[in-house]
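Student: I have not looked at this structure before. Can we go through it by question and answer?

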Amino acid sequence: NGMNIETEAGLPVSAPWEVENLTTGEKSTVEAAGSFFDIPKGTYKYSATFISSSERSLRITASGKRTFTVYLNGEEVFKREYKGYVPAYHREYDWFRVHALRGANLVEVVFNDEPEGEFFFCFAEDTRLPNMVDSMERM
């Protein structure tokens, strides 16, 4: 049919997230393998830097069993309250367009004081059929 299709099945890799307990001020680093990881009970801020090879539009989504707010480069992208959660890439329908700068970009996620729960985070190319980006380092 003349259509070229390119796929990549990269395995999830570790992404470092700086973690700050907003109650105690304690800080640590978590190496999160892939897009799914657990957030402990309490109020936290998770921060990660990704490198974009160019200034461009991306899509971002996140979900989980916690209430949280996502920021990119200091600007609020969206808030999400826990109302049910199915941990799967293809079931995330709320994708938000964001503007990534060339070079370093800071993602911050602030979690409300709630019980431990799983968290899902993902970037995608801003195209009609987006490729999921499984590593912040590959941008």
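Student: Which residue in β7 does Phe68 stand opposite?

Tutor: This is a predicted model. In it, β6 and β7 (residues 75–80) pair over 5 bridges in the antiparallel sense. Across that pairing, the residue of β7 opposite Phe68 is Arg80.

Student: Which residue takes a positive phi in the hairpin of β6 and β7?

Tutor: The hairpin has 2 residues between its strands. A positive phi near 50° is found there, at Asn73.

Student: Which residue of β9 is the bridge partner of Leu72?

Tutor: β6 also pairs with β9, and these two strands run antiparallel with 5 bridges joining them. For Leu72, the bridge partner in β9 is Val107.

Student: How many of the residues of β6 are buried?

Tutor: A residue counts as buried when its relative accessible area is under 20%. By that cut-off β6 is mostly covered, and of its 5 residues the number buried is 4.

Student: Is Thr49 buried, partly exposed or exposed?

Tutor: Thr49 lies in strand β4. Its relative accessibility is 40%. Buried means under 20% and exposed means over 50%, so at 40% Thr49 counts as partly exposed.

Student: How far apart in space are Thr49 and Leu72, C-alpha to C-alpha?

Tutor: In sequence, 23 residues separate Thr49 and Leu72. In space, their C-alpha to C-alpha distance is 9.6 Å.

Student: How many helices and strands are in the chain?

Tutor: Read along the sequence, the pattern is β-β-β-β-β-β-β-β-β-β-β. The counts are 0 helices and 11 strands.

Student: What percentage of the contacts with a separation of 6 or more comes from residues 24 or more positions apart?

Tutor: A contact here means heavy atoms within 4.5 Å. Among the contacts in the chain with a separation of 6 or more, the share from residues 24 or more positions apart is 70%.

Student: What percentage of the accessible surface belongs to carbon and sulfur atoms?

Tutor: Buried residues make up 39% of the 139 residues in the chain. The accessible surface of the chain comes to about 8400 Å². The part of that surface belonging to carbon and sulfur atoms is 48%.

Notes: Residues numbered from 1 in each chain as written. Predicted model: local features only at pLDDT ≥ 70, side-chain atom pairs only at ≥ 80, totals over all residues. Heavy atoms only, no water. Buried < 20%, exposed > 50% of the residue type's maximum accessible area, 1.4 Å probe, protein only. Areas by Shrake-Rupley, 256 points an atom, 1.4 Å probe, with all protein chains shown as cover. Pairing = 2+ DSSP bridges.
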